[in-house]
Amino acid sequence: MLFAILAATPVWAQDDPNERGSGAISIDDLEDSINVCTTVFEGIAVFYILPKGWEGAEQGVDRKSGVLDEELNRYVMMSRRPLVEGDDTEDFVFELSIYRYGIPTDWGEEVTPEERAELEESAFWDFINMQMSESIKSGMDCVSPAESIKAKPYGVGTRKPTYFVPVFYRLDDQLNIYTFTSVTAGKIWTVKFLVEADQAENYEALIALILNNSFAMTEAQFAEYQAQYGKEVPERER
């Protein structure tokens with residue numbers, strides 16, 4: 001399913017991660033109306049939230065074994081608002097992508113920590129540029145000013161913010177496509193939203209809520225989290 005995004009409201013990226021902006025609602029505030037979801041893939045665990053009743057669909061996963069096709073470069077989970085009888089309009093779609101290969105790590109023992117950091121940052125931006133090029137070639141119009149395409153903090157409360165690079169697109173003046181890309185332990189992951197242009201304002205708060213409650217950690221950190229809080233292993237673990 002096609003995915004992209006439109007011009008963003010600046011309030012989504014908060015200069016102060018502890019400042020509660022538009023849509024910045026904590027999980028505790030919506031305990032009875034949202035589900036906390038976790039996907040483990042390629043050494044990282046990604047946390048995100050979805051409204052209750054929203055079912056997810058995994059792409060490239062065998063329905064019987066639950067195993068991801070090894071030829072695919074990424075894990076993809078998609079969800080949309082439940083459709084009611086007589087209404088088949090898909091005006092909002094959520095997509096989580098976790099890329100299999102991510103950023104190279106075999107730079108060699110002679111590379112200093114500072115050089116490694118520079119190489120990893122360069123590889124991350126190479127990925128962003130490649131994704132933008134592919135999106136534009138597919139017919140999307142990038143509407144993000146160049147100066148706005150940079151890492152920005154998203155989050156609420158005392159948890160360390162997640163840094164996403166937001167890039168927004170528009171397709172045929174009908175679809176807004178919002179993409180937010182991050183990296184954890186060398187693995188690149190992206191949260192995307194596809195919204196009908198005339199419904200964009202209605203979904204701003206939901207998009208901000210999901211973004212401000214999306215974060216990732218390594219599998220080792222996830223194991224510690226489970227032990228500390230007595231959490232069960234997710235039903236689907238990659």
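Buried here means under 20% relative accessible area. The legends below describe close-up views of a predicted model.

**View A. Lys-187 and Glu-42 form a salt bridge.** The closest N and O atoms of this pair are 3.5 Å apart. Lys-187 belongs to strand S10 (residues 187-196), whereas Glu-42 sits in the loop between strand S1 (34-41) and S2, so the contact ties together parts that are 145 residues apart in sequence. Lys-187 is buried because its relative accessible area is 15%. Glu-42, at 30% relative accessibility, counts as partly exposed.

**View B. Glu-95 forms a salt bridge with Arg-74 and another with Lys-192.** Between Glu-95 and Arg-74 the closest N and O atoms are 3.4 Å apart. Glu-95 lies in strand S5 and Arg-74 in strand S4 (residues 74-80), so this pair links parts 21 residues apart in sequence. Glu-95 counts as buried at 2% relative accessibility, while Arg-74 counts as partly exposed at 27%. The side chains of Lys-192 and Glu-95 meet at 3.9 Å, N to O. Lys-192 is in strand S10 and Glu-95 in strand S5, so the pair ties together parts that are 97 residues apart in sequence. Both Lys-192 and Glu-95 are buried. Elsewhere, salt bridges that share partners join Glu-42, Arg-100 and Lys-187 into one network. The salt bridges number four in the model.

**View C. Phe-47 and Phe-215 form a stacked aromatic pair.** The count of aromatic pairs comes to 19. In the pair of Phe-47 and Phe-215, the ring centres are 4.7 Å apart and the planes are at 5° to each other. Phe-47 is buried at 3% relative accessibility, and Phe-215 is buried at 17%.

**View D. Phe, Tyr and Trp residues form one aromatic cluster.** The members are Tyr-48, Trp-54, Phe-92, Phe-94, Tyr-154, Phe-164, Phe-168, Tyr-178, Phe-180, Trp-189, Phe-193 and Tyr-203.

**View E. Glutamates form a negative surface patch.** The patch is made of Glu-109, Glu-110, Glu-114, Glu-115, Glu-118 and Glu-121. One of these residues, Glu-109, lies in the loop between strand S5 (92-99) and helix H1 (113-137). Glu-109 counts as exposed because its relative accessibility is 83%, where exposed means over 50%.

Methods:
Residues are numbered from 1 along each chain as its sequence is written. This is a predicted model: local features need pLDDT of at least 70, side-chain atom pairs count only at pLDDT 80 or more; totals for chains, interfaces and linings use all residues. Side-chain values use heavy atoms; hydrogens and water are left out. Patches are made of residues with over 30% relative accessible area and no salt bridge: like charges are joined within 9 Å, nonpolar side chains (Val, Leu, Ile, Met, Phe, Trp, Tyr) within 5 Å. Accessible areas come from the Shrake-Rupley method with a 1.4 Å probe; for residues, only the protein chains shown count as cover. Lys and Arg count as positive and Asp and Glu as negative; His and the chain ends are not counted. The place of a charge is taken as NZ of Lys, CZ of Arg, CG of Asp or CD of Glu. Helices (H or I, at least four residues) and strands (E, at least two) are DSSP runs, numbered from the N terminus. Buried means under 20% relative accessible area, exposed over 50%, partly exposed in between (1.4 Å probe, protein chains only). Rings of Phe, Tyr and Trp (its six-membered ring) pair if their centres lie within 6.5 Å; planes under 30 degrees apart count as stacked, over 60 as edge-to-face and the rest as tilted.
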